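I opened a new notebook for this one and meant to go through it piece by piece. Below is what I looked up, in the order I got to it.

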Amino acid sequence: MQKKMMYSFPDDVLEHVFSFIQSDKDRNAVSAVCKLWYEIERWCRRKVFIGNCYAVSPRVVIKRFPEVRSIELKGKPHFADFNLVPDGWGGYVLPWIVEMAGAYPCLEEIRLKRMVVTDESLELIAKSFKNFKVLVLFSCEGFSTDGLAAIAAGCKNLRELDLRESEVDDLSGHWLTHFPETCTSLVSLNISCLGSDEVSFSALERLVGRCPNLKSLRLNRAVTLDKIANILRRAPQLVDFGTGNYASELPPDVLLNLAGAFSSCKELKSLSGFWDVVPAYLPALYSVCSRLTSLNLSYATIQNPEIIKLVSRCPSLQRLLVLDYIEDSGLEALASSCKDLQELRVFPSDPFGGEPHVSLTEQGLVTVSLGCPKLQSILYFCHRMTNAALVTIAQSCPNLTRFRLCIIEPKTADYLTLEPLDVGFGAIVEHCKDLRRLSLSGLLTDRVFEYIGTYAKKLEMLSVAFAGDSDLGLHHVLFGCESLRKLEIRDCPFGDKALLANAAKLETMRSLWMSSCTVSFGACKLLGQKMPRLNVEVIDETEPPDSRPESCPVEKFYIYRSVSGPRFDKPPFVWTMDEEGKIMH
Amino acid sequence: MEGRVAYENDLNLKATELRLGLPGTHEEQQAVSSRVGNNKRPNDESDDQNETAPPPKAQIVGWPPIRSYRKNNYQPKKTESDGGGIYIKLSMDGAPYLRKIDLKVYSGYPELLKAVENMFKFNIGEYSEREGYKGSDYAPTYEDKDGDWMLVGDVPWGMFITSCKRLRIMKGSEARGLGCGV
């Protein structure tokens, strides 16, 4: 009786039900139920997320999902952030834009991460999508302010333009004047990455003034302190604000004016920017501190009395990014003032200095973990660590989902016991059962990987450097981490054995990056041969890998699953191992 | 007196050696490499080599893992067209010779003062607007454009580097006089 009822729903009822299902995972599950559901679902999917732009071709995506309004694409491997991926590797968005220009005239949103975006791509976007609303370029490169001018001029209903952390060829600040006077739709504008010393400030002021829904505005370093008060007064509805330069030699009444401007922003919850901070101007922020949930001081070279003064006034703080000038004492103040803290990132002020110049140690992190039990996400750069500290952190913060520790000197042992930090990280994975992301550092043996393989069942991304003793380490991870999607490894003594023994695992993951390890060219060839659904790409900038014996280790390789076969836009230093054991180029 | 102290361990010829390079760094130009050979133990601070400054580490590509835009942001506008540094003389009461430093290399007072502390191996003490530098016998001072001796730290950094003509680390009663509510 019940079976009959299910099949008698008309298609549009099913479609209506599906419209409540937003998450990709659920949508994928829905589409796997039966052919009918697959068909209905694919016609009504509006949002597509593609974690690796080479995992599938644009045509295949368009064929399956003909009515997409929003797309998110990621390009280069994560280690590209640290200059490990040579220039020209790939991640070009233009082929996608070209295909979508024809197939998705109603496309509204494009979000890209680590991709190469040219002015031509931007111009094509501006021309092709009449209802375009959202452009987010996260850590992208390859475009200039000319491309931005095209977007400003062409997208009549633009709501979001977010260039966070991208590298833009900054030819002139005049692109801002290309926003027509009729543009009033902006909700979010992030130009913090722009370097140009001349920003068309009057155009910016007018733009801000005529967009009543502007909630998020992040300025770049070129905007000086004296201009901020004017901007804030035109946008008192702002929720998220990034200052430009925070230094000035101006008279004291600027401080009063600034303080007044900040206090008129009753909705302000998030602050960032603060380049070149002059401490004397920080009190201007005091009126908003009690409402702040997010504070990014990671560009602010202010020292301790000032940092503590600021942080102690922010009891609602959930997210703090800061330089190690905060020191252990500042972290203590943080732990006692900010009980709602969920995310902490501490960056090194002097990453290449060698000797620590600031008193930031493992103790600071321990203190925060004890005082802020809601912590979920930690990124911490420091010079020393102990197993005991890690155990305390693990036990105090069982809700951690992201834990990234960078002990600056590679292979640094527990400074008290001189032992490896295996036990400490073991405690992290054992106690933090929802851990999704982990970055290791310090002196580590194969044992830490045994712990990870045993306990880190929800781990999705693992970053490893200068760790382990043998293939057994890699084997533990590939064998034990059921949820693993992304694995990136550098400078570890991992070779062929573990990789080949766990080849099938690689098809369940998005990607594997290995560099400066001991995996041989022969093993890469074998993988390419045996696993047709994987793209095995060897990166060698000096010479073709087959000019050396097969037992020679490869410099770098990147393996990822793909339904669309090898890519065609490879640069000269990338070789694909194909099914016939040939290297394709 | 100071001379004898300096010669305690060895002739310390390095300190008086003429060479190019930023004060406080050592000469070896170490090659960029993507591998690190050392299994350096954490407490082994190579004190057996010298007391003046640690050798610059061999730069490992991509380590520590920090995005390049973050590295660039620590030195404000150093790469811009003005070129040329702001070189000023730095003296310390009781030291046998002066140093020359480039103020443009530092992004703010904390960096400058730490570098000066390292150069002459002493502690400067904690700065507060009201009381100057507490907790040490030394006070960092500078001669400004008008020829007046000022306490380092009172004015915004940008103003300081354009008006500073020379730096002097004062010691003893002279220093304490400057610190107290002047």
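Predicted model: local features only at pLDDT ≥ 70, side-chain atom pairs only at ≥ 80, totals over all residues.

**Starting from a buried isoleucine**

I began with A:Ile97, which is buried, with a relative accessible area of 0%. I found A:Ile97 in helix H6 of chain A. Then I checked a residue 27 positions apart from A:Ile97 along the chain, A:Leu124, and the two C-alpha atoms are separated by 7.2 Å.

I ran a search over all chains, and the whole structure came out with 31 salt bridges. I picked a few to look at.

The first entry in my list is A:Glu41 with A:Arg27: their side chains meet in a salt bridge at 2.9 Å, N to O. This pair links distant parts of the chain, with A:Glu41 in helix H4 (residues 35-44) and A:Arg27 in helix H3 (residues 24-31), 14 residues apart. Is A:Glu41 buried or exposed? I got a relative accessible area of 0% for A:Glu41, so I noted it as buried. A:Arg27 counts as buried too, because its relative accessibility is 7% and the cut-off for buried is under 20%.

A:Glu41 turned up again with another partner: its side chain also meets that of A:Arg45 in a salt bridge, at 2.8 Å, N to O. For A:Arg45 I wrote down a relative accessible area of 5%, so this residue is buried.

Next I took A:Arg59 and A:Glu99, whose side chains form a salt bridge at 3.1 Å, N to O. A:Arg59 lies in helix H5 (residues 58-64) and A:Glu99 in helix H6 (residues 94-103), so the pair ties together parts of chain A that are 40 residues apart in sequence.

**Patches on the surface**

Which residues form the negative surface patch? I listed A:Glu120, A:Glu123, A:Asp146 and A:Asp169. One of them, A:Glu120, lies in helix H7 (residues 119-128) of chain A.

I then looked at a nonpolar patch, made of A:Phe9, A:Val13 and A:Val17, with about 230 Å² of accessible area together. I placed A:Val17 in helix H2 (residues 11-18) of chain A. A:Val17 has a relative accessible area of 41%, so I put it down as partly exposed.

**Chain B as a whole**

I counted six helices and seven strands in chain B. Read from the N terminus on, the order is α-α-α-β-β-α-β-β-β-β-α-β-α. Of the 182 residues in chain B, 34% are buried.

Where is the cis peptide bond? I found it joining B:Trp63 and B:Pro64, with omega at about -10°. B:Pro64 lies in the loop between helix H2 (13-16) and helix H3 (68-74) of chain B.

A:Glu327 has phi near 55°, and it lies in helix H14 (residues 327-337). At 18% relative accessibility, A:Glu327 counts as buried.

A:Asp491 has a positive phi of about 55° as well, although it is not a glycine. I placed A:Asp491 in the loop between strand E19 (486-490) and helix H20 (496-501) of chain A. With a relative accessible area of 11%, A:Asp491 is buried too.

Key
Residues numbered from 1 in each chain as written. Chains lettered and ligands numbered in written order. Heavy atoms only, no water. Patch = residues over 30% accessible without salt bridge, like charges linked within 9 Å, V, L, I, M, F, W, Y side chains within 5 Å. Areas by Shrake-Rupley, 256 points an atom, 1.4 Å probe, with all protein chains shown as cover. Salt bridge = Lys/Arg side-chain N within 4 Å of Asp/Glu carboxyl O. Lys, Arg positive; Asp, Glu negative; His and termini not counted. Charge placed at Lys NZ, Arg CZ, Asp CG, Glu CD. Helix = DSSP H or I, 4+ residues; strand = E, 2+ residues; numbered from the N terminus. Buried < 20%, exposed > 50% of the residue type's maximum accessible area, 1.4 Å probe, protein only.
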